[in-house]
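Open the model in your viewer and keep the selection panel at hand.

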Amino acid sequence: MDRKLVLELNNHNVYYVKTEDVSYYITIPKKFNTTNICIELKSKMENYNLDMNDEIWVMENVKNTFSFIDNYNITLVLPILNEEDNSILEKLDIGKFEVIDHIMGKTINSAYLNLKEANIQIESQVILINNERFKSFINWFVSRYNSRIICKNLLEVIQTYNVNATTYKKIETPAISFVVGSYNNEVDAPKVIHEPDPKELQQLKPQMSSGFTSYWLLVAITIIVAGVVALLAFLS
């Protein structure tokens, strides 16, 4: 397992974890001894993929997402699905939901081990954050595991700790309060452009066929012969 610290917040450290089977982000609490695992399937998972996208833009999304819930005892886990797996959710391919079930199980088990390693007690019930885009899978997954998995909107989870919370982040001043961001704000992270190997460029260089060479040689001979004929006609 490869675990990389990508963001330090006041109450959580955010790690990017990669195993042979799954990749995901997880918040490890600094000040809470007991927590629930909250797992969320983001609508635009590609914007969080450090392996495929520009890291600067990915980290903007990571900072926005995790700093938003930093004040609350929410251990948020974001799985990163590849394009093929994500298409199962996008196309509502119920026949292949077990593929995502396997990924979710591996992710939850790995997150559990990471929290245990940090001496955090984990509640037995896992919260799956609601996402209307993936509602068919979420309903299937929750019903499959009965009371072990429950579905809640993120705002519901936040309001467990702050009843006045909204999905917007505000700055309060004595004179005025104003919105500075939203949990749902995401930037589209551009994909990493890999520089081509010079050897590949050489291999891709167009090669002139013998037929093409013969054609131009014939043209050159024709021009020369025509020139000689014209010169002889002029001299005579």
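This is a predicted model: local features need pLDDT of at least 70, side-chain atom pairs count only at pLDDT 80 or more; totals for chains, interfaces and linings use all residues.

Residues are numbered from 1 along each chain as its sequence is written, and side-chain values use heavy atoms, with hydrogens and water left out.

Start with the whole protein, shown as a cartoon. It has 7 helices and 11 strands (DSSP runs, H or I of at least four residues for helices and E of at least two for strands, numbered from the N terminus). Of its 236 residues, 37% are buried (under 20% relative accessible area, 1.4 Å probe, protein chains only).

Next, select residues 75-79, strand β6. Are its residues buried or exposed? Of the 5 residues in β6, 5 are buried. Show the side chains: T75, V77 and P79 point one way, L76 and L78 the other.

β3 runs antiparallel to β6, joined by 3 bridges (strands pair if DSSP finds at least two bridges between them). Within this pairing, I26 has V77 as its bridge partner in β6.

Pick I39 here: its bridge partner in β6 is V77.

Finally, select residues 55-68, helix α1. Together, β5, α1 and β6 form a right-handed β-α-β unit (with the strands pointing away from the viewer, the path from the first strand over the helix to the second runs clockwise).

Terms used. Buried means under 20% relative accessible area, exposed over 50%, partly exposed in between (1.4 Å probe, protein chains only).
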